Amino acid sequence: VGRLRDSRGRQGENVRRHYDLGNDFYRLWLDRSMTYSCGYFRREEDTLEQAQEQKVRHILGKLQLRPGMRLLDIGSGWGELILRAGREHGVRAHGITLSREQLAHTRGRIAAEGLEGLVSVELAHYGELRGRERFDRIVSVGMYEHVGAGNQRAYMGTVGRLLREGGVSLLHTITQFTDRPTNGWIDRYIFPGGRLPTLAGVMELLPGEDFHAVDYESLRRHYARTLQEWYERFERAEERVRRMYDERFVRMWRLYLRGSYAGFAYGELDLAQVVWSKGLSDELEMTREHLYRDDTSRAPLRALTPAGAVEARLREAG
């Protein structure tokens, strides 16, 4: 606990070095909802906007929300998930973030949509949430990578304390195939202080909190395509990014986006969605059929490799 307490300020600083580069910067190449995590492509022709909307719906569908439930989003980003949970599912959704830019953006959206009675957000570290009321559902999307190897057990302990008995949690995180330190260049220039977990490392922590895994899904190919979309948008905005920062910044971020794409398309990076219950629970449906009941008219996504997708776009471009 002491180690976690000592690291909170450092974790906040590390998070802000990446996410507080400015909303104007991220707005140049993210989708309209400012969702900065892996999309979910259900058709070959899906746009990035559609994929990000589908990703949030996919996550909320797995959580099987009901009106009046309490939902906590640890690392709520620019707020799309908690806003949709409140607006479309009638749950009381609360988000926490360490980014002041994300906090301001989310609060602005809450006010603009008149969701103050259902949706809230605060600037807080997950370790500061002791003693709060218990939640029916806890979700974390793209945040677990930032807690650091020494704090992963403490993170699970926080979820265990805050999740009610029989409640459900979903973790959406990048994973690596083998446990090793973060690439030195990424740690220094892009994501300081992070550590990618392994899927085995996530699973081995669950029994300590009486967590029972009920669902796992790999979205590796979805993240490769998401990164390709981000890269193409970044390139279109290159001159504006250069004016905001400089040539060195443009080159660093181009390398980051291309290297990340290669890691998912050809390397050992993966994207895991793991769902677990606290204790044995029969609250969730027994199959995934409910996730697709509203989508029977859609043709399935063809098995096109990321490399094939890029080559096809190059051919189309002449």
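This is a predicted model: local features need pLDDT of at least 70, side-chain atom pairs count only at pLDDT 80 or more; totals for chains, interfaces and linings use all residues.
Colleague: How many aromatic pairs does the model have?

Modeller: Rings of Phe, Tyr and Trp pair if their centres lie within 6.5 Å. By this rule, the count of aromatic pairs comes to 26.

Colleague: Are the rings of Phe-249 and Trp-253 stacked or edge-to-face?

Modeller: The ring centres of Phe-249 and Trp-253 are 5.8 Å apart, and the planes meet at 25°. Planes under 30 degrees apart count as stacked. The pair of Phe-249 and Trp-253 is therefore stacked.

Colleague: Which helix holds Phe-249 and Trp-253, and are the two residues buried or exposed?

Modeller: Buried means under 20% relative accessible area. Phe-249 has 9% relative accessibility, so Phe-249 counts as buried. Trp-253, with a relative accessible area of 2%, is buried as well.

Colleague: Is the pair of Tyr-261 and Tyr-266 stacked or edge-to-face?

Modeller: From centre to centre the rings of Tyr-261 and Tyr-266 are 6.3 Å apart, with 85° between the planes. An angle over 60 degrees counts as edge-to-face. The pair of Tyr-261 and Tyr-266 is edge-to-face.

Colleague: Which of these terms, buried or exposed, applies to Tyr-261, and which to Tyr-266?

Modeller: The limits are under 20% for buried and over 50% for exposed. Tyr-261 has 6% relative accessibility and counts as buried. Tyr-266 has a relative accessible area of 56%, so Tyr-266 is exposed.

Colleague: Over the face of which tyrosines does Arg-258 lie?

Modeller: A charge sits over a ring only if CZ of Arg is within 6 Å of the ring centre, with a limit on the angle too. Arg-258 is 4.8 Å from the ring centre of Tyr-261 and lies over its face. At 3.9 Å from the ring centre, Arg-258 also lies over the face of Tyr-231. The names are Tyr-261 and Tyr-231.

Colleague: What is the phi of Met-34, and where does Met-34 lie?

Modeller: Most residues other than glycine have a negative phi. Met-34 is not a glycine, yet its phi is positive, near 60°. Met-34 is buried at 3% relative accessibility. Its place is the loop between helix H2 (23-27) and helix H3 (48-63).

Colleague: Where is Gln-64, and what is its phi?

Modeller: Gln-64 lies in the loop between H3 and strand S1 (70-74). With a relative accessible area of 14%, Gln-64 is buried. Although Gln-64 is not a glycine, its phi is positive, at about 50°.

Notes: Residues are numbered from 1 along each chain as its sequence is written. Side-chain values use heavy atoms; hydrogens and water are left out. Rings of Phe, Tyr and Trp (its six-membered ring) pair if their centres lie within 6.5 Å; planes under 30 degrees apart count as stacked, over 60 as edge-to-face and the rest as tilted. Buried means under 20% relative accessible area, exposed over 50%, partly exposed in between (1.4 Å probe, protein chains only). A charge sits over a ring if NZ of Lys or CZ of Arg is within 6 Å of the ring centre and within 35 degrees of the ring normal. Helices (H or I, at least four residues) and strands (E, at least two) are DSSP runs, numbered from the N terminus.
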